[in-house]
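Me: I would like a close look at one part of this model. Please take me through the aromatic pairs first, then whatever surrounds them.

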Amino acid sequence: MSRYENHLFRNELPIIFHYDHVDKEGKGCLSNWHENIEFLYCTVGEGRAIINSKPVEMKPGSLIVINSGDIHYTVSDTKEIEYYCLIVYTDFLKEFGIDAENIHFAEDVTDSLGCAFFQKIVRELDEKLPYYTAAVRGEIISFVAYLCRNYIREKQSSGNDDMIKSGML
């Protein structure tokens, strides 16, 4: 089953953040798409993020980018795969001149600095020290600016994306 995912950002941060898992049977893993940019950081297990029908390997330490509008889901190749999921509101990024709906990042962030940016965001969200919301906002902008400088790629379209999405509404 596939669906359009409508995000409601109801807290003081323009994000949705959670720790997620998918088991080998695929429970909890629906194909979906949305306008906001999504990041997955794998911590346990091995599997794949299927993004616009293209598999992207996930293993501990992998950082995956799901661009705005990409149809995606995760698959576990081991008993289960666990990962942090961060979805960032595109209007927040636009406030800083980053139009995430019209930028296409490489799906796999392969360098340690990119992963370190993401880990700092996770640490701030987990620890919730004073002024953590300001720190998280700043870290997200620094992280996405880093991706803009190092990971922008030309979008490869299958040509069927709009037809598939219209069937998901």
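What is the relative accessible area of Phe17, and how does that class the residue?

Reply: The model is predicted, so the values here are computed from its atoms. Phe17 has a relative accessible area of 25%. Buried needs under 20% and exposed needs over 50%, so 25% falls in between. Phe17 is therefore partly exposed.

Now the rings. The structure holds 9 aromatic pairs. One of them joins Phe17 and Tyr84: the ring centres lie 5.6 Å apart and the planes meet at 10 degrees. Planes under 30 degrees apart count as stacked, so this pair is stacked. Phe17 belongs to strand S2 (residues 15-23), and Tyr84 to strand S9 (residues 80-88).

A second pair sits in the helices. Phe117 and Tyr146 have ring centres 5.2 Å apart, with planes at 40 degrees, so this pair is tilted. Phe117 lies in helix H2 (residues 112-127) and Tyr146 in helix H3 (residues 132-150). The pair therefore ties together parts that are 29 residues apart in sequence. Both Phe117 and Tyr146 are buried. They also belong to one aromatic cluster, with Phe39, Tyr41, Phe118, Phe143 and Tyr151.

Next, the sheet. Five strands form an open sheet, in the order S2-S9-S4-S7-S10, with antiparallel pairing. S2 and strand S10 (108-109) are the edge strands, and each pairs on one side only. S9 pairs with strand S4 (residues 37-44) in the antiparallel sense, over 7 bridges. Across that pairing, Leu40 stands opposite Cys85 in S9.

Both helices pack here. H2 lies across S2, S4, strand S7 (63-66), S9 and S10, and runs at about 85 degrees to S9. H3 packs on the sheet too, touching S2, S4, S7, S9 and S10. The direction of H3 makes about 95 degrees with that of S4.

The loop between H2 and H3 deserves a look. Lys128 lies in that loop, and its phi is near 50 degrees, a positive value in a residue other than glycine. Tyr131 is in the loop between H2 and H3 as well. Its phi is near 65 degrees, again positive. Most residues other than glycine have a negative phi. Tyr131 has 72% relative accessibility, so it counts as exposed.

Last, S8. Strand S8 (residues 72-76) pairs with strand S5 (residues 47-51) in the antiparallel sense, over 5 bridges. His72 in S8 is the bridge partner of Ile51. The covered face of S8 carries His72, Thr74 and Ser76; the uncovered one carries Tyr73 and Val75. In a regular strand the side chains alternate between the two faces of the sheet. His72 has a relative accessible area of 4%, so it is buried. Its side chain makes a polar contact of 3.0 Å with that of Glu38. Beyond its neighbours within four places in sequence, His72 is in contact with several residues, among them Leu30, Trp33, His34, Ile50, Ile51 and Ile66.

Key: Residues numbered from 1 in each chain as written. Predicted model: local features only at pLDDT ≥ 70, side-chain atom pairs only at ≥ 80, totals over all residues. Heavy atoms only, no water. Buried < 20%, exposed > 50% of the residue type's maximum accessible area, 1.4 Å probe, protein only. Helix = DSSP H or I, 4+ residues; strand = E, 2+ residues; numbered from the N terminus. Pairing = 2+ DSSP bridges. Phe/Tyr/Trp six-rings, centres within 6.5 Å; stacked < 30°, edge-to-face > 60°. Contact = heavy atoms within 4.5 Å. Axes fitted to C-alpha atoms, helices over the stretch in contact; angles between N-to-C directions. Polar contact = N/O pair within 3.5 Å; in protein donor to acceptor, adjacent residues only side chain to side chain.
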